[in-house]
Amino acid sequence: MTIIRLVTLFSCAMTCSACTSLSSRTDQRTAAASDAVKGIPYKLPVLQYDIKVTRTLAQCMEKAGEGKADIEVDALKFLVKAEATPTVIGGERYSLDYEKLAGFTKISSVSLAFYANGTLKTLNAAAEDRSAAIVADTAKSAFAVAKIAMGIPGAAQAQGNSGVAQMLVCAPRAQQLLDKLKEETASLKLANAALDKVTEQVNALTSQLAIGTLNAEGKGTLQHRLDDQKTKAKAVADQQSAVEKATAALSLVTVERAPVNAQRLNGELDLEGPDLAKFTKLVTRKVLTAGPNAVNQCDDERIEDCVSKMVQAQWVIESLAPAIGAKLAVNDPAAIHAAKPQPGVFIRPPEPGRLLVCKASKESDDCTAASADLLFKSPDSMIPQLGQLRFLPFINGPFQNNSLSLALNENGGIDSFEYKNLKARGEVLAGAIADATSQGVAFADASRKKKLDAIAAEAAAAKTDRETQIALLQFQIDSLTKQAEITKLGNTDIALLQSQIDNITKEKELDKLTQPPAVTELDSVKADTELAVARKTLYEALRAQQQAKEALGTQ
């Protein structure tokens, strides 16, 4: 059974070397642009927010209090508003070495599909290890695979501190711009009222025309009102532009994308560079008694630093998951390190969360939904980067036939998952051994039969020889008998010949016995309000004008 031993040793060797797998790790970049990294990249999604922040100098002076209506004091205040627009993008990147699934004894396949932003959509992998078939073939040869209303800094009253200090106040230029905004806002309010009045007249005349109670003179009046309405609508539109221009001189709009790093869940919204320089020109320092102005105290060497702090905000992505599981230690063996090649694929299912924006506060660095400085809270959503990075192994061992099918949503959530082990490995291995064994037994039987056939052939040849000898001896006996009759000799020679014949006959009977064996209201707020009113007034005027023209056209 030397051949069976050789097949068994060959099977063991393949069992030790037949494990293959998908191989994933965090993506790498080469030092030289001309060099390449092996493997196909895939991205996991990240929810980013484009945060549009509008900062406005909203007030320079305020009334000193009850009974002092004609007295105003310095009271610098800023208003900060913002909007946040979420966008899912491709974030953290991994590299998949699909060739690691192939092998000498494997039949394998890997297919991936991606969303437009480059994030992984589906992955299908299958492998069948053909060691069993190869063992059988080897045996045969041996034997023959995610409106910020920031409020107004200065709204909070100082606690204690009744001394004097350097305070930030409006520069003369800022007061002039703010006075201009007040003037333009008041003019817009008057223009809105005038347009509203003429629109009401147009609506009343149109209603009379519709029921047939408007005479020719009334129709003429309606036409005059329509012309007047058109003029007043233009005045409102022009005044809107004037208010927007005055507001722009006191405001700054910035757009910041956050987070930039998928692993960062909080950050600051700072005003800096040329924008900060523009705002700094609107303020100056003045020695004042602390109190209502305590929040505007500026002890920093540079005014820019004080201004930056007054309009600074911070954002945080807050998790809403009810439980996050037991936390593993840094070196816990259960923690899989993505920086090293791993036999499978990495995913990060999202968890519920929201964006919070708070006013930067000296009292607390925390920004939560319960914070007194909360300015904005986004709708709840599923945020990919809040999820735990997970690893799905896919290994194809010896005598194994398995497959993995994965489909992800655009936010990285698992849409479907299927893992199949199509045949029991023990069954395949046992079948291979049985096949090899049966082939070995068949080979042994064939070898034994060959030997027995040779023995039988030799026996047949011997039989033929003996029969020939017997025939020859019988011939001699016959001849001697005849001679005896003639010469009348004794029976001694005949007896000797008969003894030889009897011995040969017994050997023939022994030959027959051989058989083969059986296998989140100030001036700037008022301006915003009037702008909104203007838009509504213009819309109502245009609608009334259209209705009047249609009514006149049918008369």
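Predicted model: local features only at pLDDT ≥ 70, side-chain atom pairs only at ≥ 80, totals over all residues.
Reader: How many helices and strands are in the chain?
Author: The chain has nine helices and 20 strands. Both are DSSP runs, numbered from the N terminus: helices are H or I with at least four residues, strands are E with at least two.

Reader: What makes a residue count as buried, and how much of the chain does?
Author: Buried means under 20% relative accessible area, exposed means over 50%, and partly exposed lies in between (1.4 Å probe, protein chains only). Of the 555 residues, 37% count as buried.

Reader: What is the accessible surface of the chain?
Author: It comes to about 31,800 Å². Carbon and sulfur atoms hold 54% of that. Such areas come from the Shrake-Rupley method with a 1.4 Å probe; for residues, only the protein chains shown count as cover.

Reader: Why is tyrosine 42 called buried?
Author: Its relative accessibility is 1%. The cut-off is under 20%, so tyrosine 42 counts as buried. Tyrosine 42 sits in strand β3.

Reader: Which residues does tyrosine 42 touch?
Author: Contact means heavy atoms within 4.5 Å. Not counting residues up to four places away in sequence, the partners of tyrosine 42 include Ser24, Glu92, Tyr94, Phe114 and Phe346. Glycine 90 is 48 residues from tyrosine 42 in sequence, and their C-alpha atoms are 8.8 Å apart.

Reader: How do you know that β3 pairs with other strands?
Author: Two strands pair if DSSP finds at least two bridges between them. Strand β3 (residues 40-63) has 21 bridges to strand β4 (residues 72-97), and the two run antiparallel. With β9, β3 has eight bridges, also in the antiparallel sense. So β3 pairs with both. Glutamine 59 has lysine 77 in β4 as its bridge partner. Lysine 52 has valine 255 in β9.

Reader: What is the peptide bond from alanine 258 to proline 259, cis or trans?
Author: The bond is cis, with omega near -5 degrees. Proline 259 lies in the loop between β9 (251-258) and β10 (266-269).

Reader: What makes strand β14 mostly covered?
Author: Strand β14 spans residues 351-359, and seven of its nine residues are buried.

Reader: Which strands pair with β14?
Author: Strand β12 (residues 313-319) does, antiparallel, over seven bridges. Strand β16 (residues 381-383) joins β14 by three bridges and runs antiparallel to it. Strand β15 (residues 374-377) is likewise joined to β14 by three bridges, antiparallel. For example, serine 319 is bridged to glycine 353 in β14. Cysteine 358 is bridged to leucine 374 in β15, and glutamate 351 to isoleucine 383 in β16.

Reader: Why are α5 and α6 called roughly perpendicular?
Author: Helix α5 (residues 273-280) and helix α6 (residues 303-310) pack at about 100 degrees, with axes 10 Å apart. That angle falls in the 65 to 115 range, so α5 is roughly perpendicular to α6. Under 35 degrees counts as roughly parallel, over 145 as roughly antiparallel, and the rest as oblique. Axes are lines fitted to C-alpha atoms, for helices over the stretch in contact, and angles run from 0 to 180 degrees between N-to-C directions.

Reader: Which residues meet there?
Author: Leu276, Phe279 and Thr280 in α5 meet Ile303, Glu304, Val307 and Ser308 in α6. By class, that contact has four nonpolar, two polar and one charged residues. Ala, Val, Leu, Ile, Met, Phe, Trp, Tyr, Cys and Pro count as nonpolar; Asp, Glu, Lys and Arg as charged; the others, Gly among them, as polar.

Reader: Why is isoleucine 414 called partly exposed?
Author: Isoleucine 414 has 44% relative accessibility, so it falls in the partly exposed class. Its place is strand β20 (residues 414-423).

Reader: How do you know that alanine 544 is buried?
Author: Its relative accessible area is 0%, so alanine 544 is buried. Alanine 544 is in helix α9 (residues 523-553).

Key: Residues numbered from 1 in each chain as written. Heavy atoms only, no water.
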